[in-house]
Structures are given as structure tokens and as C-alpha cells.
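Hello,

Here is the structure I promised to pass on to you. Please open it alongside this note, and I will walk you through what turned up.

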Amino acid sequence: MVTKIGYAAGAFDLFHVGHLNILRHAKSQCDYLIAGVVSDEMLVQNKGIAPVIPLAERLEIVSHISYVDQARAEVVPDKLDTWREVGFDVFFKGDDWRDTDKGRRLEAEFAEVGVEVVYFPYTAHTSSTKLRRILDLMLEPEYAHSSTARASRS
């Protein structure tokens, strides 16, 4: 029996339904799904943001999602290096990478080693970026002051 191994990488910070959708769709297209949870250091290096939830906790959350067969820390920036360590057949990514320079480069590199890249729809109504913006607004002194003022008038 041939087992198709899939790999879905992400920060999985502020875990939301978009993350769940990616993992659900990925699992439907492979026999064994590995979720690569991007390390705190890699997030700072590649995106310039520190996660809200530390890596150990994100790994714990993702490892308990029923669609995920294995969760592992992703600690190297090069997806080919990850492929060499893990050995997957298909790489899953959100379609915000489709038709971008990064996406085309990823597709070309993986094509050379026989890995298929599959894109899934981005969940437009929610994202970690949107959640982060909302949290930032809630932490602004003006917001806190106006919330307190509204609460005291009630």
C-alpha cells in the first residue's frame, strides 16, 4: 500500500477556523498529514512578528487536531531542507501564495524532487493578522479608556 504523505506548514498562532480549514482540506488529500508549526525564531526572522502563543503551546494545540497525524516544529527557512528531513509527497499552502514569486519558486523547487504543491482557499473572514489587529486595538489606551467609560455609564 502506497501512503501519500502531506505537509502543511504554518504559524498556527491564534488558532482559528482558517487554520482548521487548511488542515481539514489537507488531510482529505493525503493518507498521513504532518503539520509544520513554524518556530518563534523563524516567525520573527521571516515575518518580523513574534507569535502570541509560544511554539510549545502551538505544537500542543495542533498535535491534538484530529486531521493531524504528526505535528513538528519547523525550524529551518528552506522548505526543501524540511522535505529532506520529512520526506513528504505533497505540500499544502494557502492560496495567498498562488501566482506570487515565492509560490512560483516553491513550485519549481518542489517539482524538481517530485513534490506536488496544492493551494487551498484563504479563509477571508478571519486570519491571524486580523485577530492581531483587533487585539492591538483592544490594548490601546484610548480603547481601554473608552471601554471603561462606557461600562461605568451602563
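Predicted model: local features only at pLDDT ≥ 70, side-chain atom pairs only at ≥ 80, totals over all residues.

**What was found**

Residues are numbered from 1 along each chain as its sequence is written, and side-chain values use heavy atoms, with hydrogens and water left out.

**The strands around E2**

Strands count as paired if DSSP finds at least two bridges between them. E2 is also joined to strand E1 (residues 5-10), here by six bridges and again in parallel. Within that pairing, Tyr7 has Ile34 as its bridge partner.

Between E1 and E2 comes helix H1 (residues 17-27), and the three make a right-handed β-α-β unit. Right-handed here means that, with the strands pointing away from the viewer, the path from the first strand over the helix to the second runs clockwise.

**An aromatic cluster**

Tyr7 turns up again among the rings. Rings of Phe, Tyr and Trp (its six-membered ring) pair if their centres lie within 6.5 Å; planes under 30 degrees apart count as stacked, over 60 as edge-to-face and the rest as tilted. By this rule there are seven aromatic pairs. In one of them, the centres of Tyr7 and Phe88 are 4.8 Å apart and the planes lie at 15 degrees, so the pair is stacked. It links distant parts of the chain, 81 residues apart: Tyr7 is in strand E1, and Phe88 in the loop between H4 and strand E4 (90-94). Tyr7 has a relative accessible area of 0% and is buried; Phe88, at 2%, is buried as well.

Tyr7 also stacks with Phe91: the centres are 6.1 Å apart and the planes at 20 degrees. Phe91 is in strand E4, 84 residues from Tyr7. Ring pairs link Tyr7, Phe88, Phe91 and Phe110 into a cluster.

**Two lysines**

Why does Lys79 count as buried? Because its relative accessibility is 16%. Lys79 is found in helix H4 (residues 79-86). Its side chain makes a polar contact with the side chain of Glu74, at 2.3 Å. Such a contact is a pair of N or O atoms within 3.5 Å; within protein, one must be able to donate a hydrogen and the other to accept it, and residues adjacent in sequence count only if both atoms are side-chain atoms. Leaving aside neighbours within four places in sequence, Lys79 is in contact (heavy atoms within 4.5 Å) with Ala9, Glu74, Phe88, Phe91, Leu106 and Phe110.

The charged end of Lys93 sits over the ring of Trp97, 4.3 Å from its centre; the rule asks for NZ of Lys or CZ of Arg within 6 Å of the ring centre and within 35 degrees of the ring normal.

**The whole chain**

The chain has seven helices and five strands, and buried residues make up 37% of its 154 residues.

Best wishes

Key:
Helix = DSSP H or I, 4+ residues; strand = E, 2+ residues; numbered from the N terminus. Buried < 20%, exposed > 50% of the residue type's maximum accessible area, 1.4 Å probe, protein only.
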